[in-house]
Amino acid sequence: MQDIDFDERDLRLLHALQVRPRAPWATLAPAVGADPVTLARRWEQLQEQGLAWIGCYQGAGRGVVTAFLEIECAPSSMAPATEELANDPEVLTIDLTAGGRDMVVTLVCRNDAELSRYVLDRLSTVEGIRSMRTHRSIQVVADAQVWRLRSLNAGEVNALERAVAPPKELLSRVPADIEDGLLRILRADARASVSRISGELGISQARARSALSTVLAQQRVVIRLEVARPYSGWPVYVWFFMRVPATQVGSVAGKLVGLDEVRLVTTTVGNYSLVVAVWLRRIEDITLLERHLGERLPFAEIVDRSIVLRTPKHLGIRLDASGRRIVG
């Protein structure tokens, strides 16, 4: 499966795009160590090969409701059920797993009413689902926006952060039609120029720039670099389901966010206090991580865990069996 390897320059480019996904190539060039034309060309190649892309999704600032579904499915129905669920816009991510569930599905709905309709009405029509447990997120403490490949050193990251300021809240409110238009454009091309955004939305460049900066600063729209996991150096993907005393949830969640392997930490309503997703370098690291968590977080009980076998959909993007983005 792994017929392509990222070289060191690729990894530096990807780390730089994690830090500033929309930074101009000329600004990224000093950190990566290549000229802007080379970076732009290589980025196009990585995208065309489905090895890296910049995802876009609705963020917490938009008031969306996130939930995680544990689904058990009849073996003969796994493929058709997965395909049917992948076509639903509410389904952000589908992970096919080994362990106490066959799928972990991440839902993003506009509100609790929409979540209720999807879980109670829509899923009942999907043939082959034998059982399901729903865990409504209380707070997404951190997601993979903060996860890094660690190919740049701290000084290089700091220099890049200084060179490109983070988005600022320039408007008190962005009209819904413009925000929806921004989301649509950025889903198609997260690095779309302000000029293109302005043209497609029929507004001035100044207004397009202010609206874009505002929705990104408010986390109403989120963009982040994604990389095909099997080629990233972190090929093992595991979900942990944890139970923590109510008085310790905040403390445990904060400590989990600081771990290199952790990509998602969310508090939930349901059987678990916390749902956590991690990427690891080796399968053996599952045991090492659990031992580390047991020593560092004695109040946290890992109730269950599942290793991901395949991810057919990630952040709204369809992936092939090797984990690459399906292009075209």
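Analyst: On a 1 Å grid over the protein atoms alone, a cavity is a set of points where a 1.4 Å probe fits but cannot get out, whereas a pocket is an open set with protein on both sides within 12 Å along at least five of seven lines, and lining residues have an atom within 4 Å of a point. Grid points are joined across faces, edges and corners, and a volume is the space filled by probe spheres set on the points. This is a predicted model, in which local features need pLDDT of at least 70 and side-chain atom pairs count only at pLDDT 80 or more, while totals for chains, interfaces and linings use all residues. Residues are numbered from 1 along each chain as its sequence is written, and side-chain values use heavy atoms, with hydrogens and water left out.

User: How many cavities of 30 Å³ or more are there?
Analyst: The definition of a cavity asks that the probe fits but cannot get out. Counted by this rule, the number of cavities of 30 Å³ or more is one.

User: Which element supplies the largest share of the lining of the largest cavity?
Analyst: The largest cavity, with a volume of about 30 Å³, is lined by Gln18, Ala144, Trp147, Leu225, Glu226, Val227, Arg263 and Trp279. Helices (H or I, at least four residues) and strands (E, at least two) are DSSP runs, numbered from the N terminus. The largest share of this lining, three residues, comes from β6.

User: Which side chain does Glu226 join through a polar contact of 2.9 Å?
Analyst: A polar contact is a pair of N or O atoms within 3.5 Å; within protein, one must be able to donate a hydrogen and the other to accept it, and residues adjacent in sequence count only if both atoms are side-chain atoms. The polar contact of 2.9 Å joins the side chain of Glu226 to that of His314.

User: What is the volume of the largest pocket?
Analyst: The lining of the largest pocket has 32 residues, with Arg22, Ala165, Pro166, Pro167 and Leu216 nearest its centre. Its largest share, five residues, comes from α9. The volume of the largest pocket is about 790 Å³.

User: What separates the C-alpha atoms of Val221 and Arg62?
Analyst: Val221 is in strand β6, and it is buried because its relative accessible area is 0%. Contact means heavy atoms within 4.5 Å, and, leaving aside neighbours within four places in sequence, Val221 is in contact with residues including Cys56, Tyr57 and Leu216. Although Val221 and Arg62 are 159 residues apart along the chain, their C-alpha atoms are separated by 7.5 Å.

Definitions and conventions: Buried means under 20% relative accessible area, exposed over 50%, partly exposed in between (1.4 Å probe, protein chains only).
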